[in-house]
Amino acid sequence: MSPPRLADRFLTWFCAPHLREEVLGDLHERYVLRVQQLGEARARRRYWRDVLAYVHPEFIRRKPSQFPSPTTTTMLRNYLKIAFRTLAKHKGYSAINIVGLSVGMAVALLIGLWLWDELSFDQYHTHYNRIAQVKQHLVNNGEVQTWNTTPYPLAEELRQHYGSDFKHVVLGREEGDHILSVGNEKFTQRGMYFEPQITDMLSLKMVKGSRNGLKEPGSILLAESVAKAFFGDADPINKLMKIDNRMAVKVTGVYEDLPRNTTFHEITFMAPWSLYYNNTEWVRNTPDPWRPNAFVIFAQLNESADFETVSAKIKDAKLNRISSELARKKPAIFLHPMSQWHLYSEFKNGVNVGGKIQYVWLFGIIGGFVLLLACINFMNLSTARSEKRAKEVGIRKAVGSVRTQLIYQFFLESLLVVFFSLILALFWVQLLLPAFNHVADKEVRVLWSNPIFWSACLGFSLLTGLVAGSYPAFYLSSFQPVKILKGARLQAGRWATVPRKMLVVVQFTVSVTLIVGTIIVFRQIQFAQNRPIGYDTNGLVVVPTISADVHNHVDAVKRELLQTGTVLNVAEAATPPTEVWNSSSAFDWKDKDPTLSVDFPVVGASYDYGKTIGWKLAEGRDFSRDFLTDSSAVILNEAAVKFMGLRNPVGETIRWYDQPYKVIGVVNDVVINSPYEQVKPTIFHLSTEPGSTILLKLNPHSSAGDALERIETVFKKFNPSQPFDYTFVDEEFARKFGNEQRIGTLASFFAVLAIFISCLGLFGLASFIAEQRTKEIGVRKVLGASVTSLWRLLSVDFIVLVIISCVIATPVAYYFLEEWLQKFTYHTSISWWVFAASSLGALAITLLTVSFQAIKAALMNPVKSLRSE
Amino acid sequence: MRRSDLGEFEEVVLLAVAALSPKAYSVMIAEELERETGNSVSTGAVHAALQRLEQKGYLTSQLGEATAERGGRRKRLFTVTALGGRVLSDVRAVRNRLWDRIIPNIRLEWS
């Protein structure tokens, strides 16, 4: 019988409020008349027509307000004043709010800057999207290994037979340390030998000279910093230099230093490949140039080509050219795009399995969560507190505030707090950046002049402010002043606190997960550090030797070093004990499975090598001068014995490049490469060629500083051409843990911050609740409640929440960490006590935080709390 | 006084208000006009005209009582002001004078 509801709703929407009553009344009255005259159906149709007749400016236009409208700035000024007053009135809350949020923002900013740095890696190069490195997959006993290095004829092969897809193919020698000298001035610098097109490919920014510089045979390009170090402000072009004291070169160009976030940032000079080739005998005279995988090839594709199709095309470029023996490893050539060099560098069984990208994800997620925690705090505290302001809303409305004004006011207040936090956060970031760079081993800078940075900051602040401010703005401003001022309690209902509780659970779940993660990471590092490494790194020093000067007088050097009394043992080795550079596949032994393809790390060493590094022989004997035949003897490690399947290794003969070598001893496994991986089968042989390092065992009774000084004088005497340089093996070895250590440190840093932010929020909430229940506590005390029971009453809610968080966090943390640990062959196990300890820790911190407020409230004199009414 | 600001519909509405006084409000007027003219007249059109007339000072209004069929909403009752009355009689005088000048024979032809 009633007129169409929809029509009424439509009318109420468009019609000006002051006319609504009479218009609706008229319509309804007429509708009743029409029903009597025409029947209901026609009346309804007519009703719609009548409603539409009111769609007219006269009925839509709103009546101007009868109150004076002050200019916007006046009201804004008032809002600001009130906002400042509220902030100042509740200093504790304001501090918790601002500090908590700013810490969260600072963490997010730091991580954001770090991510920016990681993701923009190598983008310095203009042709970033078209450059790739040529790599190969080799099959070794059924396992696919991925090599960054290739044989050098491959470059020419690619140019000749697949040239249509490539703009440039550039061959190079892996980067290495070299001595650069001008007159008597010498520096050890890292550099690479390249074919000349590299300058175009990497779009080097030339400071002096041109990009054609490397086309001259005896030329060198210097990074700006190195040019400055050698020549100061003088013009370096056409100056003469020497590389490694033997190759004379002329400076033909100076390029701007490559920034830290590029793959080649450590390279400070480039010399032509032809120079290297002409001066390196073993490369020129190698019997089969396709055998040594010792060179790097970079390629720039043509505009029309894409990496995948070209990779498929060049897959067999090497296989088609090599001997049947090498072909057993089924080399498959492929392109690894520059955009993946840094973040997707790891291959497992021929498939890219990511790499650093997982840390990008990990820290991205952590940063997001820490920020989330801070925002949750902010929202929890501002909503909890806003309930206290209901009276203010009542008064404001009673004296004539319009709802929109209240909405503006609450939004402005929360925005103000967020912007204070942003400023504080930027301050934290600036303060923490040096320490952060140190830990993360980065050169991250705040992108002050980047508009993206600023819009992200401001956009985020705006969002947080609006989200956190929306509850008081929309909910509180809807109260009816009569009810509030009459003193009716806000009927919030039992569900009102549920979102707040859920947020607390989220916070503590994240925090507990982070604590567990930190403990596991450090336990894994500890586990690998405690692994027996098979030799003694204490007081072991490595001196790199680039020229052969020391080798030629090695006996004299040794004699003089021992005479100083600071050195116990001296040995020469092809590689430092923490690295392996050579490996060989040309091994054969009795009963070798012919299908087995091998690749043993090979360490060439002098007499006394074993004594110097302090390895332990399991069987047989060390190399000795007493046996002339030792020049064709080898020592195997236990892994090699196991791999070869030798029952009685000592005395066996193995063949290397068809030369017989006698096994004279077996050593306990020595950890050379990653401390997380299995020890590879390794072969040690007596080498007479110049090694690249001298190993020294210092006398533990002499001070290291004094010893090094004396050692330096000896080296200066025999090898004046090279600047004296040394590394301690234990430091070098510790560096193998660098990555994990870094993650551990950063994770613990974030875990501490997460806990801090969560507790800050909890502290605020606890004090708020204690304040809300002041009267209740007073009454309970009067009726005889003890302090303990009151303390329990106030704390138990929070404890339950934290226990729920621990229950959620345990499986989550277990899942992710188990996955992380599986990456390491040699890894610790996750034991239950880690979870128990983290949960107990979280509970203890919660109790401490909440108890402070609870006990304060419980100790209060009930007379004071009850008298106030 | 300008008389051109009184439209034909407005004039009719003004007349209706005068005729229905003191119970003149939009529904009544619309019904009355429908009955008199036989065309359908919406309350919206009448209401708009009433508002315009009130703005011009020919009408005044006040809120009347509420009834059940109006859903408890009050109605707005209109009365003609002195100015409105004078305008009406002016208009009528002009018409009358013109009517009087029509030759009776012609009038007979129309009927």
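Mentor: Set aside the neighbours within four places in sequence, and A:Cys457 is in contact with A:Leu109 and A:Leu422.

Trainee: What makes that a contact?

Mentor: Contact means heavy atoms within 4.5 Å, so both partners of A:Cys457 meet that limit. Before we go on: this is a predicted model, where local features need pLDDT of at least 70 and side-chain atom pairs count only at pLDDT 80 or more, while totals for chains, interfaces and linings use all residues. Residues are numbered from 1 along each chain as its sequence is written, chains are lettered from A and ligands numbered from 1 in the order written, and side-chain values use heavy atoms, leaving out hydrogens and water.

Trainee: Why does A:Cys457 count as buried?

Mentor: Its relative accessibility is 6%, and buried means under 20% relative accessible area (exposed is over 50%, partly exposed in between, with a 1.4 Å probe and protein chains only). So A:Cys457 is buried. The residue belongs to helix H18 (residues 451-475) of chain A; helices here are DSSP runs of H or I, at least four residues, and strands are E runs of at least two, numbered from the N terminus.

Trainee: Which residues is A:Phe363 in contact with, leaving aside its neighbours within four places in sequence?

Mentor: The list is A:Ile111, A:Trp114, A:Ile743, A:Leu746 and A:Phe750.

Trainee: Why is the pair of A:Trp589 and A:Phe600 called tilted?

Mentor: Rings of Phe, Tyr and Trp (its six-membered ring) pair if their centres lie within 6.5 Å; planes under 30 degrees apart count as stacked, over 60 as edge-to-face and the rest as tilted. Here the centres are 6.0 Å apart and the planes make 50°, so this is a pair, and a tilted one. A:Trp589 is buried at 7%, and A:Phe600 is buried at 1%.

Trainee: How do you know that the charged end of A:Arg531 sits over the ring of A:Tyr826?

Mentor: The rule wants NZ of Lys or CZ of Arg within 6 Å of the ring centre and within 35 degrees of the ring normal. A:Arg531 is 4.0 Å from the centre of the A:Tyr826 ring and is listed as sitting over it. A:Arg621 lies over the face of A:Phe627 too, at 3.8 Å from the ring centre.

Trainee: A:Asn238 and A:Asp608 next: buried or partly exposed?

Mentor: A:Asn238 has 48%, so it falls in the partly exposed range. A:Asp608 has 16%, so it counts as buried. Phi is near 70° for A:Asn238, a positive value in a residue other than glycine, and about 70° for A:Asp608, which isn't a glycine either.
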